[in-house]
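Please look through the model with the sequence beside it, and follow the paragraphs below from one region to the next.

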Amino acid sequence: MRKISLIVITLIGIIFLLGIDRWQVNSWREEMTNELAVTAKFYKNRLEHSIIPRLNAVETIVALFAMYPDTKFKEFAEFSNHIINTNRTIRTLQFADSKTLITYTFPVKGNKTIINKPLNLIEDPKRGPFVKKAIAQKYASVQGPFALREGGSGIVVRSPIFIQSKFIGLAIGVYDVSTLIEEAFSEIELHRFSFRLTDSKEWVFYGQDNEFDALQEKKIQVGDTHWTMAIGRVKGSTSPPISNRVLIWGCGLGFLLLILTLIQKSVTQKTHLEQKVEERTKNLAKSNKSLLSEISQRKSIELVLKDSEKRFRKMIEKSPLPMVITDINQDISFFNDKFTELFGYTSKDVSTAEKWWEMAYPDKTYRDRVQQSWANAIEYAEKNNTDIAMQIWDLTIKDRTRRTCEFYMVPLGDVGLIVMNDITEKKKNEINLKRQALAMDNSSDTIVITDTTGIINYVNPAFQKITGYENAEVLGKDLRVLKSGAHNTQFYEELWNTISGGNIWSGQLINKKKDGSEYTEEVTISPVFSKEGEIINYVAVKRDISDRLKLESKLRQSQKMESIGTLAGGIAHDFNNIMAIILGNTELALDDVPKWNSAHASLEEIKIASFRAKNIVKQLLSFSRKTDQKLQPIQIASVIKDALKFLRSTIPTTINIHRDIIATEEMILADPTQINQIIMNLCINASHAMEQTGGDLNVTVEKVVLDYNSARDYPGLKSGNHIKIMISDTGPGIDTEIINQIFDPYFTTKEVGKGSGMGLAVVHGIVKSHRGAIAVDSSQGKGTKFSILFPLATEKPMVEAQTTQDIPRGSETILFVDDEISITKMVQRMFERLGYKIETATTPQDALERFSLNPDHFDLVITDMTMPQMTGVKLSEKLMDIRKDIPIIVCTGHSNLVDEEKAKELGLAAYVMKPIDMQETAQTIRKVLDKK
């Protein structure tokens with residue numbers, strides 16, 4: 001019975017010890033699992049908060065090229081060196097152009113292969129998919145990890161660079177994975193746990209590749225890929241330390257043995273029992289000591305966690321970005337110094353979530369939008385097990401101004417970490433850049449940006465509109481694509497010397513469009529300097545002034561014609577004075593010489609020639625628009641026939657004149673003298689063209705009917721009946737390069753002394769003044785043909801009654817004023833023969849003095865218009881101030897100040913044009929005096 005009791009007690013004791021051992025194992029495992037979960041979350045946060053900011057260093061390269069697309073290698077190297085010095089996880093920084101060809105690599109050492117043989121990333125089978133992915137998603141793509149040539153494992157971050165949705169290149173960073181992890185776990189002991197990292201393909205690129213017990217796995221987002229972090233204990237280490245278990249079992253078994261021994265040796269001596277108790281007590285002391293050591297280790301872990309939390313808090317406090325920690329109720333439990341510095345809020349201002357929302361977003365509608373957006377983002381992230389998406393909102397700060405910020409929310413268990421990034425200035429810069437780009441794109445002037453060698457980097461839409469080139473056709477091409485060849489080498493050398501010396505060049509360039517046509521530009525080229533003062537680009541602002549130059553040419557032509565008109569008017573005045581003397585004295589001589597005298601016939605010829613000269617002066621004044629044309633119905637055929645008769649005696653006999661005048665009765669409204677001038681000028685030009693070789697001069701006159709379509713070929717003409725005059729020759733023809741200039745004044749191809757260049761200009765002016773049209777058809781070696789069209793007239797020709805009248809006579813006293821002594825003498829003789837008493841004055845002052853002495857002595861005053869010191873009009877006014885009813889006749893060869901209508905307005909009795917015709921003037925005098 002005693003043995004059975006001992007066996008039962010032993011079994012109960014062993015069962016009890018097994019229970020205690022199982023409880024100890026389960027408790028230890030639960031405690032280790034909790035510790036491992038906390039540690040895994042901590043390690044995940046440390047990795048993400050350490051790796052992501054370091055990978056974002058590539059975005060600084062993106063920002064550099066987005067703001068300065070023309071960044072040179074020197075600037076890239078200096079910028080990269082600064083980044084690498086502050087981020088030792090980076091092995092290499094690179095830049096690939098828009099064709100994904102690696103252009104810049106830093107550091108150079110260790111990358112000679114890449115530099116000497118640039119790699120086209122998008123065509124590379126390993127790298128291409130990641131490059132295409134980054135460009136398609138428009139944000140960074142991460143490739144790796146993979147083994148590096150220099151040893152270890154690495155990753156590559158490729159971030160696309162866009163300007164106004166245009167892809168311009170890639171920013172590339174090569175990172176050392178080991179250094180990234182060492183940076184994340186600095187000051188943390190990893191040996192207490194088994195730790196490894198695997199990529200998306202489950203390749204272990206860091207840590208131990210063995211089986212773990214109590215495994216904790218966390219997904220870590222790295223760019224657009226993820227890693228898996230595994231943390232646990234080595235296989236077989238999921239039980240408490242063997243010493244603890246041995247201790248418990250030892251104590252339990254000892255206690256059981258003690259009980260059994262007490263039961264078995266209940267009769268044993270007291271001393272032996274005490275010895276056993278003392279021995280067991282020592283064992284218990286050792287067990288207690290072991291337990292205390294375990295407790296100490298746990299407290300050490302708690303201190304490490306607290307220290308880690310302290311460092312994490314300090315990191316937030318000193319962060320260059322505003323950070324906020326919210327509690328389980330979404331109230332702000334902590335924010336760093338940068339938050340107060342940028343936004344002005346203190347803990348009192350935003351002690352609760354409600355206060356924060358109301359102050360930061362005072363507009364309720366806008367606040368509701370923000371809150372709803374965050375709620376949707378958090379719900380989506382929880383549902384899809386993803387990070388909460390970054391958001392951008394306008395934030396009202398304490399001084400009531402608004403700032404634009406990026407918000408990143410990171411859940412950390414029951415609390416949340418919110419990171420803010422103030423992008424207000426960045427947004428302003430982006431808006432300014434967009435405005436500048438919009439201004440350049442909408443400018444009517446061409447804007448071209450080149451590098452320092454003349455390679456085109458940018459052209460605005462106006463460039464395409466003016467030149468016809470698409471952007472893709474000229475970007476990356478040399479400016480010589482526009483070169484027309486109009487400027488010599490020295491011109492371009494001077495231009496480049498100016499701008500390469502840092503100066504602005506302004507001037508005109510004749511360039512060539514895509515279709516080969518030339519155009520003239522007004523150009524200003526300015527150098528663009530870097531911060532170091534080096535020229536990095538040239539900006540050309542160009543304006544197409546081709547139309548303006550044409551208008552200026554027309555203006556110069558108009559001014560030239562006006563000058564010619566002024567010159568013609570001056571010539572007409574002087575010439576009329578001369579002709580007045582010739583014609584007047586001729587008429588006096590005709591009275592003195594009997595008709596049977598041979599001199600009488602000669603004087604008649606002089607008189608006829610004088611009248612012809614008078615008509616020529618009239619044409620000059622008509623050309624200069626100084627006289628009104630008096631158009632009358634004339635039979636065009638008779639005028640042309642008379643002109644051809646006269647021409648036959650002046651044109652060499654080697655030139656045959658053929659006339660084909662079909663229309664003989666038709667009439668046009670015209671000045672016969674000017675029509676005669678047209679025929680004379682065109683036929684003389686034709687004869688000059690055939691002077692050396694001889695040939696045929698053909699003159700055709702016919703009636704034609706122009707319909708609406710054919711009338712459009714002759715600007716200024718309407719459809720209907722017209723007379724068409726065609727004058728052609730068999731000469732050498734006109735060069736096509738100058739045919740458009742032949743109607744310009746002073747333009748001539750003749751030798752000096754053989755032509756003034758006014759003939760065709762006069763013809764053109766007469767035709768236009770008659771509401772006609774003129775066209776020329778010529779080719780070298782085939783002669784020239786001029787075609788002139790005039791609308792037919794419906795009026796009948798005026799028939800003047802040819803009556804022989806005696807010259808009227810008189811006995812009145814006339815004061816004649818002219819600054820030409822020869823004219824005064826001639827007029828005095830002429831009108832004294834008609835019975836008049838003539839007194840003459842050669843200056844207005846002399847005339848005024850004579851008239852003032854005895855105003856009633858004179859019956860009539862005849863005065864020249866243009867005289868020194870006082871015009872005829874001014875003299876007339878002064879004379880009429882003295883005697884209001886004195887009749888005055890103004891006589892002039894030409895004047896801008898008076899004509900027949902103006903003379904009536906001024907109260908003058910009559911207006912007579914020089915040269916003075918004796919009969920015409922005598923009739924005017926008699927008419928004025930008879931009215932009196």
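Five strands form an open sheet in the order 21-23-24-26-25, with mixed pairing, where strands (E, at least two residues) and helices (H or I, at least four) are DSSP runs numbered from the N terminus, and two strands pair if DSSP finds at least two bridges between them. Strand 21 (655-661) and strand 25 (773-778) are the edge strands, each pairing on one side only. On average, neighbouring strands of this sheet are turned by 15° against each other, direction ignored. Within the sheet, strand 23 (residues 695-706) and strand 24 (residues 720-729) pair in the antiparallel sense over 10 bridges, and Leu706 has Gly720 of strand 24 as its bridge partner. Helix 18 (residues 636-648) lies across strand 21, strand 23 and strand 24, and runs at about 170° to strand 21; axes here are lines fitted to C-alpha atoms, for helices over the stretch in contact, and angles run from 0 to 180 degrees between N-to-C directions.

This is a predicted model, in which local features need pLDDT of at least 70 and side-chain atom pairs count only at pLDDT 80 or more, while totals for chains, interfaces and linings use all residues. Residues are numbered from 1 along each chain as its sequence is written, and side-chain values use heavy atoms, with hydrogens and water left out.

A pair of helices comes next. Helix 2 (residues 57-67) and helix 3 (residues 73-86) pack at an angle of about 155°, their axes being 11 Å apart. Helix 2 is therefore roughly antiparallel to helix 3, a term for angles over 145 degrees, as against roughly parallel under 35, roughly perpendicular from 65 to 115 and oblique for the rest. The contact (heavy atoms within 4.5 Å) is made by Ala57, Thr60, Ile61, Leu64 and Phe65 of helix 2 together with Phe76, Phe79, Ser80 and Ile83 of helix 3.

Some backbone details also deserve a look. The peptide bond from Phe106 to Pro107 is cis, with omega near 0°, and Pro107 has its place in the loop between strand 2 (102-106) and helix 4. Likewise cis is the peptide bond from Gly144 to Pro145, with omega near 5°, Pro145 being found in strand 3 (residues 141-147).

As for confidence, the protein chain averages a pLDDT (the predictor's confidence in each residue, from 0 to 100) of 82, and 87% of the residues score at least 70. Confidence is lowest in helix 4 (residues 112-116), with a mean of 63, and highest in strand 27 (residues 813-817), at 94.
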